Amino acid sequence: MRRYGKHTDEDDIRQRPNRKGTRPRTTIRPKHEDAVEGMVLTVDRGRLTCLVEDRTVMAMKARELGRKAAVVGDRVSLVGDLSGEKDTLARIVRIGERESLLRRTADDDDPYERVVVANADQLAIVTALADPEPRPRLIDRCLVAAYDGGLEPFLVMTKSDLAPPEQLLELYGDLDIPYVVVNREELYDGGAADRVRTFLDGRVTAFVGHSGVGKTTLVNALVPEEKRRITGHVNAVTGRGRHTTTSALALPLEAAEGWVIDTPGVRSFGLHHVDPARVIHAFPDLEPGTENCPRACSHDEPECALDAWVAEGHADPARLFSLRRLLSTRERREGD
Ligand SMILES: Nc1nc2c(ncn2[C@@H]2O[C@H](COP(=O)(O)OP(=O)(O)OP(=O)(O)O)[C@@H](O)[C@H]2O)c(=O)[nH]1
Ligand SMILES: [Zn+2]
């Protein structure tokens with residue numbers, strides 16, 4: 001899979017300073033050589049729950065990290081009290097290079113509801129076929145965020161007992177996106193979890209979806225109760241069976257090395273940060289056609305070279321059409 005770190009991202013660049021040039025010679029010992037590796041499971045107002053070996057450790061970011069935030073899925077280095085005991089607090093002193101980054105621009109009216117997940121391999125976009133009605137533009141926006149961030153998307157369509165999937169599936173045929181369709185019965189007899197699980201083994205999968213699509217029911221079916229309790233003290237704080245913070249929550253799968261990252265239900269998905277050049281990597285059949293594009297082409301403008309190139313027969317016009325549809329969702333519209 002391609003590394004997200006190759007693409008320009010200020011945060012990631014800042015994280016790899018040239019140590020040789022800036023450090024005095026006398027500091028031979030690397031700083032924090034006793035630091036231990038961990039993974040961020042959830043974030044709640046500056047407190048990060050991290051998995052260190054088999055313990056959950058509360059931590060906060062060290063001041064030296066500056067403005068760079070650690071997010072769910074980040075691989076971090078920690079120092080301090082790593083016992084994981086109540087009222088202890090460790091310090092995160094390093095954030096590892098990210099292989100992917102799913103993000104949502106904050107919206108004016110909703111500045112905190114942000115999905116930020118690092119190092120996920122894939123994005124499961126959960127949508128109901130009815131109740132609530134599918135919102136293709138929201139799905140498209142999630143797809144754009146996945147392509148932009150270096151995640152492979154797939155669709156999970158729930159509630160097929162209420163409406164058939166064909167009409168929605170038609171929209172995604174040319175994009176070649178894998179999908180699973182599940183109904184109510186399968187959700188409760190384990191059939192849905194089994195089918196979704198075939199996508200998950202050994203991978204880190206972030207789940208996103210509009211509120212009410214059945215994402216929580218599905219995640220609960222995927223991750224056994226005792227595994228869900230790994231972030232026990234987070235739940236203890238809210239006193240509920242699931243987290244109510246605005247952060248995502250990483251949950252280990254029983255088998256293999258897989259992780260499920262549950263995210264709060266979204267109503268919209270801000271895409272201001274998206275770089276069309278990164279999105280087009282997900283369209284390797286079209287990418288060569290961008291060679292003659294003007295500088296910083298959005299690939300969704302009259303001067304874009306893709307139209308002529310596709311007209312010459314180098315690629316399927318339906319693919320260009322799908323790409324344009326996705327890119328056009330970057331413009332915010334009423335109801336997004
Ligand atoms: N008919 C039908 N109902 C379902 C299906 N999947 C989930 N539901 C129901 O849909 C409702 C919403 O499910 P949740 O799992 O709470 O939805 P959610 O996406 O997590 O929503 P938030 O918690 O708001 O983010 C529940 O009453 C579920 O029982 C399905 O396949 N068919
Ligand atoms: Zn172009």
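Where does Lys159 lie? I looked there first, and Lys159 turned up in the loop between strand S9 (152-158) and helix H4 (166-172). A note on the labels: helices (H or I, at least four residues) and strands (E, at least two) are DSSP runs, numbered from the N terminus.

Before going on, I wrote down the ground rules. This is a predicted model, where local features need pLDDT of at least 70 and side-chain atom pairs count only at pLDDT 80 or more, while totals for chains, interfaces and linings use all residues. Residues are numbered from 1 along each chain as its sequence is written, and chains are lettered from A and ligands numbered from 1 in the order in which they are written.

Most residues other than glycine have a negative phi, and most peptide bonds are trans. I went looking for exceptions. Lys159 is not a glycine, yet its phi is positive, about 65 degrees. Glu53 also has a positive phi, near 50 degrees, and I found Glu53 in the loop between strand S2 (47-52) and strand S3 (55-61).

Is Lys159 buried or exposed? I use buried for 20 or more other C-beta atoms within 10 Å of the residue's own, exposed for 12 or fewer, and partly exposed in between, with C-beta atoms placed from the backbone. Lys159 is buried because 22 other C-beta atoms lie within 10 Å. Glu53 has 10 C-beta neighbours inside 10 Å, so it counts as exposed.

I also noted a cis peptide bond between Asp131 and Pro132, with omega about 0 degrees. Pro132 sits in the loop between strand S8 (122-128) and helix H3 (136-149).

**Leu78**

Next I clicked on Leu78, in strand S4 (residues 75-80). Leu78 counts as buried because it has 23 other C-beta atoms within 10 Å. Glu37 is 41 residues away from Leu78 in sequence, but their C-alpha atoms are 6.3 Å apart. I listed contacts too (C-beta atoms, placed from the backbone, within 7 Å). Leaving out neighbours within four places in sequence, Leu78 is in contact with residues including Ala35, Cys50, Val57 and Ile92.

**Strand S13**

In a regular strand the side chains alternate between the two faces of the sheet. So what covers the faces of S13 (residues 259-262)? I found Trp259 and Ile261 on one side and Val260 and Asp262 on the other, all buried. Strands pair here if DSSP finds at least two bridges between them. S13 pairs with strand S11 (residues 204-209) in the parallel sense over four bridges, and Val204 has Trp259 as its bridge partner. With strand S12 (residues 249-252), S13 pairs in the antiparallel sense, over four bridges. There, Ala250 stands opposite Ile261.

**Ligand 1**

How many residues surround ligand 1? I got 17, a residue being near if its C-beta atom, placed from the backbone, lies within 6 Å. The closest are Arg184, Gly214, Thr216, Thr217 and Gly265. Helix H5 (184-189) and helix H7 (215-222) each supply at least two residues of the shell, and H7 gives the most, with three.

I sorted the shell into four nonpolar, nine polar and four charged residues. Ala, Val, Leu, Ile, Met, Phe, Trp, Tyr, Cys and Pro count as nonpolar, Asp, Glu, Lys and Arg as charged, and the others, Gly among them, as polar.

**Domains**

Last, I checked the domain assignment, whose bounds come from an automatic or database source: domain 1 (4-95), domain 2 (101-262) and domain 3 (276-328). Seven residues of domain 2 are in contact with eight residues of domain 3. On the domain 2 side of that contact, I noted four nonpolar, no polar and three charged residues.

Conventions. Contact = placed C-beta atoms within 7 Å.
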